[in-house]
Amino acid sequence: MGDLFEVRKLAPGVHVITELGQSHAYLVEGGAYAALIDTGLGIGDIRAVVEKLTSRPVVVLNTHTHWDHVGGNHRFEHIGVHPAEADGLQHPRLSEASQQYLRRLQENGHPFPSGFDAKRFQPRPSSATFFLEHGQEIDLGGRVLMVWHTPGHSPGSVCFVDEVERLMFAGDTVYEGPIYLHLPGSDPQAMLTSLEMLSQLAWEINLLMPGHGLTPTDGRLLQEAADGLRRTFAGEVPLKKGVSIHSAVRVTSFARCMFFLPTDWRPPQSGTPAAG
Ligand SMILES: [Zn+2]
Ligand SMILES: [Zn+2]
């Protein structure tokens, strides 16, 4: 039996807070403020965990607004999100498939609060109090996080980069494991463009801290993901049949990366895929 939240220090002033072994949130402390990058599933009280780690005022920065990253938002006052997903905070929704997924976790002995009922669980709404734009610098006092808009997994996905400490917080844009490009709002072509942009940073980033899976990992994962998706678009990687928690998918995998694509997705016919 573990705790609902697992906390580990990954770098000076950086903790990962993992809820039920599923989603990573990161507390990043500057001299004046602390940023909480994503807020978990919303099943436990992440604010209580954060308040044990820092006494600084906390600003929530969301990498995107899928329910497993914004669950604890409603416990905080200051929330930044990319404008493309501001509506997502007001109407968070957990699909039946995701509820069943939670139920399976519960049956497998994960430490849910007593009386938790996955069938009734729905995330609480919250509202953005400010917007995150590409190139914006968020100054926490002696530590700056740069916003990179990286649509693909979702339209308002962003990554945060601490250039001095060479850290990246990548949300669901890059991690080791299946990255979802088959969801409503996902855009494989936009993801390719985002990964090609991020791959410039592959040798600059020492610690890559994603929303799921192994953390920290390294910046070379950005290059592997970009190369693999580019080869998938060129038709060089065979697509396999697979199943996500939501639906049937096509799977492309290479090195440490894997992407789930819609079942009707095909590599573009021409060498230069149409923008979309
Ligand atoms: Zn997501
Ligand atoms: Zn996620």
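How many bridges join strand β14 to strand β15, and in which sense do the two run? The close-ups below take this predicted model a piece at a time, and the answer comes with the first one.

**View 1. Strands β14 and β15 make a hairpin.** Four bridges link β14 (residues 240–243) with β15 (residues 248–254), and the two run antiparallel. Look for the four residues that sit between them. To get your bearings, find K240, which stands opposite V251 in β15.

**View 2. Strand β15 also forms a hairpin with β16.** This time two residues lie between the strands. A255 is in the turn, and its phi is positive, at about 40 degrees. β15 and β16 (residues 257–261) pair in the antiparallel sense over five bridges. Here V251 turns up again, now opposite F260 in β16.

**View 3. Step back, and β12, β16, β15 and β14 line up in that order as an open sheet of four strands.** The pairing is mixed. At the edges are β12 (177–180) and β14, each of which pairs on one side only. Ignoring direction, neighbouring strands here are turned by 40 degrees against each other on average. Where does the parallel pairing come in? Check β12 and β16, which pair in the parallel sense over four bridges. Y180 stands opposite F260 in β16, and F260 is also the residue opposite V251. As a reminder, strands of a sheet pair through backbone hydrogen bonds, either parallel or antiparallel.

**View 4. Another open sheet has seven strands, running in order from β1 to β7.** Its pairing is mixed too. β1 (5–11) and β7 (130–131) stand at the edges with a single partner strand each, so one side of each has no neighbour in the sheet. Zoom in on β1 and β2 (residues 14–19): they pair in the antiparallel sense over six bridges, with E6 opposite T18 in β2.

**View 5. R124 sits in the loop between α4 (96–107) and β7.** Is R124 buried or exposed? R124 counts as exposed because it has 12 C-beta neighbours inside 10 Å, and the cut-off for exposed is 12 or fewer. Leaving out residues up to four places away in sequence, R124 touches G42 and H74. Now spot Q90: Q90 and R124 are 34 residues apart in sequence, and their C-alpha atoms are 8.4 Å apart in space.

Technical notes: Residues are numbered from 1 along each chain as its sequence is written. Chains are lettered from A and ligands numbered from 1 in the order in which they are written. This is a predicted model: local features need pLDDT of at least 70, side-chain atom pairs count only at pLDDT 80 or more; totals for chains, interfaces and linings use all residues. Two strands pair if DSSP finds at least two bridges between them. A residue is buried if 20 or more other C-beta atoms lie within 10 Å of its own, exposed if 12 or fewer, and partly exposed in between; C-beta atoms are placed from the backbone. Two residues are in contact if their C-beta atoms, placed from the backbone, lie within 7 Å. Axes are lines fitted to C-alpha atoms, for helices over the stretch in contact, and angles run from 0 to 180 degrees between N-to-C directions.
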